[in-house]
Amino acid sequence: MIVWGLVSLAFFCYAAAGVSGFSVTTRNNDVRVKENEGVDLSCQYSADFGSDARVEWKFQDLEGSQTYVIFAGKPTVSYASRVTMYGSSLRFTSVTVKDNGMYDCEVSGKGQFGEVRVQLTVLVPPGVPVCRVPASVTTGNAALLSCKDNVGSPSPTYKWFKDNVLLPANPKMVSGFQNATYNLNTKNGNLEFSPASKGDTASYYCVAENSAGPPQQCKATRMEVRDLNTGGIVAGVIIFLLLLALLGFGIWYAYKKGYIPKKSETQKPNVVYQPQSVYGGEEDDDGEFKQKSSFVV
C-alpha cells in the first residue's frame with residue numbers, strides 16, 4: 001500500500017512538472033514580421049525521437065490550402081530560393097503577404113509522432129479603401145454602403161463616418177443613436193440602412209485600419225434619401241398614353257387620306273402567260289396564221 005502511494009505521488013509530480021516524452025515545442029507560436037523582411041520559425045523536439053528523427057514543415061494558407069515547405073529534409077521547389085533549415089527550425093530570408101498562415105513542424109521517430117503549430121502574420125499597412133455609396137435611395141428601401149481594402153495585413157477593420165461623425169458599431173448602446181436603423185459590420189466594411197429614411201441623407205466615408213500602419217480613408221460621398229415621387233410616375237403614365245393615342249390617330253388619319261395605300265391596292269396583278277402551241281401557232285378560220293396569247297387579270 002505504501003509502495004502504491006509512492007508510485008502515485010511520483011506520477012503526480014511528473015505530471016505537475018510538465019515533463020513528458022516525445023515533445024515538440026516552439027519559442028514563439030505567434031510570429032509577426034513586416035513584409036520583405038526575414039524571420040525565423042522555431043521548432044525543438046525532445047531526445048526521445050532519436051538522433052535521426054524526421055522533421056517536416058507544412059504550410060496552410062488563409063484559404064485552407066496546404067503545401068510542404070520542408071520535405072525529406074530539404075525545402076521544396078517553391079521555397080528553395082528563400083528558405084533554409086537550421087536544426088529543426090525554419091528561416092525565411094524574406095516574406096510576402098502570401099506567406100500569411102499556419103506552419104506545422106512535424107517530428108517523427110522511434111515509432112512516435114509530435115507536432116507544433118506556428119502562426120505567421122506578415123504586416124502590411126492598409127491601402128485607400130474602395131467605397132461604394134449609392135447616390136440616391138427611396139425612403140423605406142434598404143441602402144447598402146460597402147468599404148473594402150485588399151492590401152492590408154492583417155485584415156483591416158472598418159469605421160464609417162456620417163457628416164464627419166463616427167457611427168458607433170452598436171448604435172443601441174450609444175446615447176443619441178438608439179433610433180438608428182443601420183447595421184455596421186466592422187470586419188467586412190458593410191454599412192446597411194434597413195430601411196433608409198430621409199434623416200439618413202448625408203456625406204459618408206470609411207476608414208480602414210490595422211496594426212501594421214496608419215489608417216486610410218476613402219473620399220466622402222453624399223447619399224440622398226427621397227420620398228417616392230408618385231405624382232411624377234402618374235404624370236409619366238398619362239403622357240405615355242397620350243402619345244400612344246396620338247400615334248394611333250395619326251395612323252388612322254393617314255389611311256383615311258390615302259397616304260398609306262391599302263393592302264389590296266398595293267398587290268401586283270397576277271399574269272398568266274399561255275405558251276405557244278407546239279405547232280408554232282394556230283390558224284384562223286380563213287387560213288391565216290395567227291399567234292395568240294392570253295392574259296388573265
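In this predicted model, the largest nonpolar core has 26 residues, and the members that touch the most others are Leu 41, Trp 57, Val 69, Leu 90, Phe 92, Tyr 103 and Leu 120. Two or more residues each come from β2 (30–34), β3 (39–41), β5 (54–61), β6 (66–71), β9 (89–92), β10 (101–109) and β11 (112–123). Strand β11 gives the largest share, four residues. As general background, nonpolar side chains in soluble globular proteins tend to be buried together.

Which residues does Tyr 103 contact, once neighbours within four places in sequence are set aside? They are Leu 41, Trp 57, Lys 58, Phe 59, Val 69, Leu 90, Phe 92, Val 116, Arg 117, Val 118 and Leu 120. There is also another core, apart from this one, with 24 residues, including Val 137, Leu 145, Leu 191 and Ala 196.

Next, the rings. The count of aromatic pairs is nine. One of them joins Tyr 79 and Phe 92: the ring centres are 6.4 Å apart and the planes meet at 75°, so this pair is edge-to-face. Tyr 79 is in the loop between β7 (74–75) and β8 (83–86), while Phe 92 is in strand β9, so the pair ties together parts 13 residues apart in sequence. Are these two residues buried or exposed? Both Tyr 79 and Phe 92 are buried. Together with Phe 59 and Tyr 103, they form one aromatic cluster.

Last, charges over rings. Arg 54 has its charged end over the ring of Phe 71, 5.4 Å from the centre. Arg 91 lies over the face of Tyr 86, with 4.4 Å to the ring centre.

Key: Residues are numbered from 1 along each chain as its sequence is written. This is a predicted model: local features need pLDDT of at least 70, side-chain atom pairs count only at pLDDT 80 or more; totals for chains, interfaces and linings use all residues. Side-chain values use heavy atoms; hydrogens and water are left out. A nonpolar core is a set of buried Ala, Val, Leu, Ile, Met, Phe, Trp, Tyr and Cys residues joined through side-chain atoms within 4.5 Å. Buried means under 20% relative accessible area, exposed over 50%, partly exposed in between (1.4 Å probe, protein chains only). Contact means heavy atoms within 4.5 Å. Rings of Phe, Tyr and Trp (its six-membered ring) pair if their centres lie within 6.5 Å; planes under 30 degrees apart count as stacked, over 60 as edge-to-face and the rest as tilted. A charge sits over a ring if NZ of Lys or CZ of Arg is within 6 Å of the ring centre and within 35 degrees of the ring normal.
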